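Please keep the sequence and the coordinates open while reading.

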Amino acid sequence: MIDTHCHLDVAEFDPDRGAVLARARAAGVAAIVVPAIHAQGWDGLLTLCASAEDLYPALGLHPVYLDRHGAADLDGLERAIAEHRPLAVGEIGLDYFLPELDRAGQQALLEAQLSIARSADLPVLLHVRKAHDEVLATLRRARVKGGIAHAFNGSLLQAQQYLDLGFRLGFGGMLTFTRSSRLRRLAAELPGEAIVLETDAPDMTVAAHRGERNSPEYLPDVLQALAQIRGESPAALAASTTLNACDALGLAIDGACGRSTS
């Protein structure tokens, strides 16, 4: 399995990050994508990902932290991408769920980062809340390489539009809650090539660990829920979602991506 979205670099994991990683690997997590949220965290994130072959960095400026980003950070993002060549640009997007966030500022930030991603020929990791139509319209203009719409919660029609633009859709801990009926129905209806797994740890934990810190070691819970919802075997879904992640992000992992890195 590949955890396509896990904030393993944040302070919540400082006390036991090594143990968390060991448990995740033991649970079958072959790779973890670690997306950035603001420029101040890039150095630590890159250092963490350089420490292990199964950790992959994404660099970007998260819309929720709009007040922490400046024009210099966009210049810095271009330089950091050129120097470090991360797996993707992210976590970027639009968040209309929080009314205090300036929408025009978010839009400008998103467009600037999509331009950077396009120039670097990198996929993007999208954060979208209550703004799928706006993000889709922006993507049609930007024409980036594709990527993943993280924690997808849109409609089936919107899902198809992301797929048409070369994106996969991330499903995580919310899928494990039986009350998430709309999301679970969507996961059942989507074509298999649409879906990738994620945790979004330390947030959005699984039902079995409600109220606790989320962790990449809980990715099998998401897989099991998806298998039950779709009526497919966990092994088959582990293989297909891993291949989807590899294709979306340009990954080549021996024994995981259906191809050899040699």
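## Sheet

Two strands count as paired if DSSP finds at least two bridges between them. The model discussed here is predicted. In it, β6 and β7 pair in the parallel sense, over 3 bridges, and A149 stands opposite L169 in β7.

The sheet as a whole is open and has 8 strands, in the order β1-β2-β3-β4-β5-β6-β7-β8, with parallel pairing. Which strands stand at the edges? They are β1 and β8; each has a single partner strand, so one side of each is left without a neighbour in the sheet.

## Helices on the sheet

Helix α4 packs on the sheet, where it touches β4 (88-95) and β5 (124-129). The direction of α4 makes about 160 degrees with that of β4. Helix α8 also packs on the sheet and touches β1, β7 and β8; its direction makes about 150 degrees with that of β8.

## Helix α8

Helix α8 covers residues 219-230. At 1.5 Å a residue its 12 residues should span 16 Å, and the end C-alpha atoms are 17 Å apart, which agrees. After α8 comes G231, whose phi is positive, near 65 degrees.

The buried residues of this helix are L219, V222, L223, A225, L226, A227, I229 and R230. In an α-helix there are 3.6 residues a turn, so residues three or four places apart point the same way. The elements that cover the buried residues of α8 include the strands β1 (2-3), β7 (167-171) and β8 (195-197), together with the helices α7 (181-189) and α9 (234-249).

## Residue A238 in α9

A238 lies in helix α9. Is A238 buried or exposed? Its relative accessible area is 16%, and the cut-off for buried is under 20%, so A238 is buried.

Leaving out residues up to four places away in sequence, A238 touches M1 and L223. L223 is one of the buried residues of α8.

## Residue Q106 in α4

Q106 belongs to helix α4 (residues 103-120). With a relative accessible area of 0%, Q106 is buried. Beyond its neighbours within four places in sequence, Q106 is in contact with P63, L66, G93, L94, D95, Y96 and L101.

Y96 also takes part in a charge-ring arrangement: the charged end of R103 sits over the ring of Y96, 3.9 Å from its centre.

## Aromatic pairs

How many aromatic pairs does a search of the whole structure find? The search finds 2. In one of them, the ring centres of F152 and Y162 are 5.7 Å apart and the planes are at 85 degrees, so the pair is edge-to-face. This pair links distant parts of the chain, 10 residues apart: F152 is in the loop between β6 (147-150) and α6 (156-164), and Y162 is in helix α6.

Both residues are buried: F152 has 1% relative accessibility, and Y162 has 0%. Y162 also forms an edge-to-face pair with F167, at 6.2 Å centre to centre and 70 degrees between the planes. F167 is buried too, with a relative accessible area of 2%. F152, Y162 and F167 together form one aromatic cluster.

Notes: Residues numbered from 1 in each chain as written. Predicted model: local features only at pLDDT ≥ 70, side-chain atom pairs only at ≥ 80, totals over all residues. Heavy atoms only, no water. Helix = DSSP H or I, 4+ residues; strand = E, 2+ residues; numbered from the N terminus. Expected span 1.5 Å × (residues − 1). Buried < 20%, exposed > 50% of the residue type's maximum accessible area, 1.4 Å probe, protein only. Contact = heavy atoms within 4.5 Å. Phe/Tyr/Trp six-rings, centres within 6.5 Å; stacked < 30°, edge-to-face > 60°. Lys NZ or Arg CZ within 6 Å of the ring centre and 35° of its normal. Axes fitted to C-alpha atoms, helices over the stretch in contact; angles between N-to-C directions.
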